[in-house]
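These are my notebook entries on a structure that I had not examined before.

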Amino acid sequence: MSAVDAKATAAPVERYQAAFDARWQGNDELTALRRAALDRFLSTGFPTQRDEAWKYTNLRRLETRSFTSADASALDAHQPDWLTTTGTRIALVNGHWLPALSSQTAQPPGVTVLTLKQWLQRDPAAVASYLKEHDQLTGNALEQLNLAFFEDGVVVNLADNTILDEPIYIVHQSTTAAAGRMSHPRIVVRAGRNSRATIVEHYLGANETEYFTNSVTRFEVAAGGAIAHFRVQQEAPRAFHIGHIQTRLAKDARYCVHDIQLGASLGRTGITGLLEGAGSHAALFGLFAPMGNQHLDAHTHLDHIAPHTTSEEDYRGIAGGRGRGVFNGKIIVRPDAQKIDSRQSSRNLLLSATAEIDTKPELEIYANDVKCSHGATTGQLDATALFYLRSRGLSESDARAALIRAFAESILSTIDLAPVRAALEKQIDERFKLANEAKA
Amino acid sequence: MLSIKNLHALAGEKQVLHGLDLEVGAGEVHAIMGPNGSGKSTLAQVLAGREGYTVTGGSVTYKGKDLLSLSPEERAREGVFLAFQYPVEIPGVNNVYLLKAGLNAIRKHRGESEMDAFEFLTLVREKMKLMQMDESFLNRGVNEGFSGGEKKRNEILQMAVLEPSLALLDETDSGLDIDALRVVANGVNSLRSPDRAIVLVTHYQRLLDYIEPDHVHVLSGGKIIKSGDKSLALELEKRGYDWVKQEAAA
Ligand SMILES: Nc1ncnc2c1ncn2[C@@H]1O[C@H](COP(=O)(O)OP(=O)(O)OP(=O)(O)O)[C@@H](O)[C@H]1O
Ligand SMILES: [Mg+2]
């Protein structure tokens, strides 16, 4: 290591310490927790590529920036395009709750939706003990950073046997006021026995603004519960986005996520699923589409702890320009976890010679009565199909867009929330039509 | 309508067409027959503008324009249609999307307005009826999982919707059952008009019983070596190609 490197790695420690001191003082239990989390972050620093889980994603660019805590702010002039307009909407603007933009419909009995701050006001001891239990020992450096700096978030509690028909839509909007700032939103969903809910998370940002979003979303699903999670990352082109999702599944619980990554300059979602109860099932569907100079990383980690647990993963990557994509799928089957069925598929499409997608399945199987399959392919647009479409009158860009859309469709078609599916199909069409025109 | 002069072309690296001449006038139906590997599909692909097929000499004039300088989509929009010998399966792209996008691109090129959804569906339903195709095919992926015969029918459905001026049919009759052959022939005949031309590539007289050609050509060794009227097809059916080849060599 040269002296220059040593200086650069020392810098973030000081910067984040300074940002922390500027924002959080006092000696209450929560601040002490935050401080301890910051210390853990500072002692390890940002993960490096020597860390197996970050092999293909270099955080150097993020590390050299100095972000400070974002303040509450009003919305920029234009309204975001909502992904869905039904159900409850909670808007976090630069990490802070903006009531004016939120719309809370009456919840059926048994459902509580609060902001994290509201929960803190009502019961600070409960929040502190929750955070202690769930974050203190688990969590990587960036999750620690979230614990140190989080401002607000959303807490959803579902009593046993509660069925929520309408989705809970959580919008994370970053505005021009977020330039040079970071936000660390935190979502907590606790689903009781046999309860059911749909959570939509949508990350958006103002063009030309450089900011850092580092979110943590946690699900605890009790026996027989089912959560559908849609996570759409459409941050501004210069943004940094790191998202951590952790789901714990009890007996017969189900979790299904659609992990869609379209925005940000550097983006990553890390999904950890802990299949702790027999009969639990995790289904992970992902689509990431790095274009230009984007780097998008989809990292999944499924831990089959209990026997008779099942998981399926279907990820698709589309990379154009100098875009870089990563899919990493780790599956662990514990020694006592017999009768496991797990299926993983990663398919990738490269639209240019300079685009790249790295895909890495990692299976760690310690039990013997298991069925695990995985497959990965990377290819280009089918020249014969392109010609066929053009021979029917479609322009080259329309023909390419149709084939790209067809590739994405196998993920999009599994989205059973119609407005979200329609919005994403439109996004994909526009994105690749634009990209094709720029290329022509 | 179409004038091919001394056409030389490579398929991949291989010289396949060796100075092919063909004149097709408006309102005419031409049949091209010839041994396997003689270059019939190569000719069709060259006319449609497929990448990987390189013209090394000669010219192709279509409606007074240099066809070879146009992109595949420009050719389609100018009214050239190729029914593929091996139609391509495109999972995830709907049949109905392709029909609509193709038709609207062609209409736009002609300065016509896009069809609204109702007009379009009415048109497509009428053509599907003509092709005796179930409407469920509309929402399936293009040719996805279609049987061999269904694919061929789908090609002719596309042709019927797009209404080209010059239709090139590459072995559309192969793989069709007896009833389907009649349906496909009906579809093709419905397109016949004084301002359209049809070029059929076929191995069998059977199709020509239904679609009567004005001219029959033998393509062998990358050239048209003999032309005649419909009686030539009957003669080929009886006698094979050897005598034509010998005649041409003499
Ligand atoms: N891309 C290619 N690269 C190399 N050779 C090719 C290529 N395409 C075709 N050929 C060869 O060119 C010759 C002509 O092929 P073509 O498909 O035009 O024949 P055809 O007359 O249509 O035959 P058939 O009656 O069997 O359909 C064949 O020998 C074929 O193997
Ligand atoms: Mg052929």
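The entries below cover conventions, the interface, the ligand and the salt bridges.

**Entry 1: conventions.** I noted that the model is predicted, so that local features need pLDDT of at least 70 and side-chain atom pairs count only at pLDDT 80 or more, while totals for chains, interfaces and linings use all residues. Residues are numbered from 1 along each chain as its sequence is written, chains are lettered from A and ligands numbered from 1 in the order in which they are written, and side-chain values use heavy atoms, with hydrogens and water left out.

**Entry 2: the interface of chains A and B.** I looked up the contacts (heavy atoms within 4.5 Å) and found 16 residues of chain A against 31 residues of chain B. The two chains bury about 1,800 Å² between them, 67% of it on carbon and sulfur atoms; buried area is the accessible area (1.4 Å probe) lost on putting two parts together, summed over both. Of the area that chain A buries against chain B, A:Phe387, A:Tyr388 and A:Arg392 supply 43%, more than any other three residues.

I then searched this interface for salt bridges (a side-chain nitrogen of Lys or Arg within 4 Å of a carboxyl oxygen of Asp or Glu), and the rule finds 2. I recorded a salt bridge between the side chains of A:Arg392 and B:Glu155, at 2.8 Å from N to O. For elements I used DSSP runs numbered from the N terminus, with helices (H or I) of at least four residues and strands (E) of at least two. On the side of chain A that touches chain B, α7 (383-390) and α8 (396-412) of chain A are the elements that give two or more residues. The most come from α7(A), with 6 residues.

**Entry 3: ligand 1.** I counted as near any residue with a heavy atom within 4 Å, and 16 residues surround ligand 1, the closest being B:Lys14, B:Gly37, B:Lys40, B:Ser41 and B:Thr42. Both β2 (14-24) and α1 (40-48) of chain B supply at least two residues of this shell, and α1(B) gives the most, with 3 residues.

I also looked up the oxygen atoms of the ligand. One lies 2.8 Å from a polar backbone atom of B:Ser41, and a backbone N or O atom of B:Ser38 is 3.2 Å from an oxygen atom of ligand 1. In the side chain of B:His203, an N or O atom is 2.9 Å from a ligand oxygen.

**Entry 4: salt bridges overall.** I searched the whole structure and found 39 salt bridges over all chains. A:Arg238 forms one with A:Glu210, their closest N and O atoms being 3.5 Å apart. A:Arg238 lies in the loop between β11 (226-234) and β12 (240-249) of chain A, and A:Glu210 in the loop between β9 (196-205) and β10 (212-221), so the pair ties together parts that are 28 residues apart in sequence.

Notes
Polar contact = N/O pair within 3.5 Å; in protein donor to acceptor, adjacent residues only side chain to side chain.
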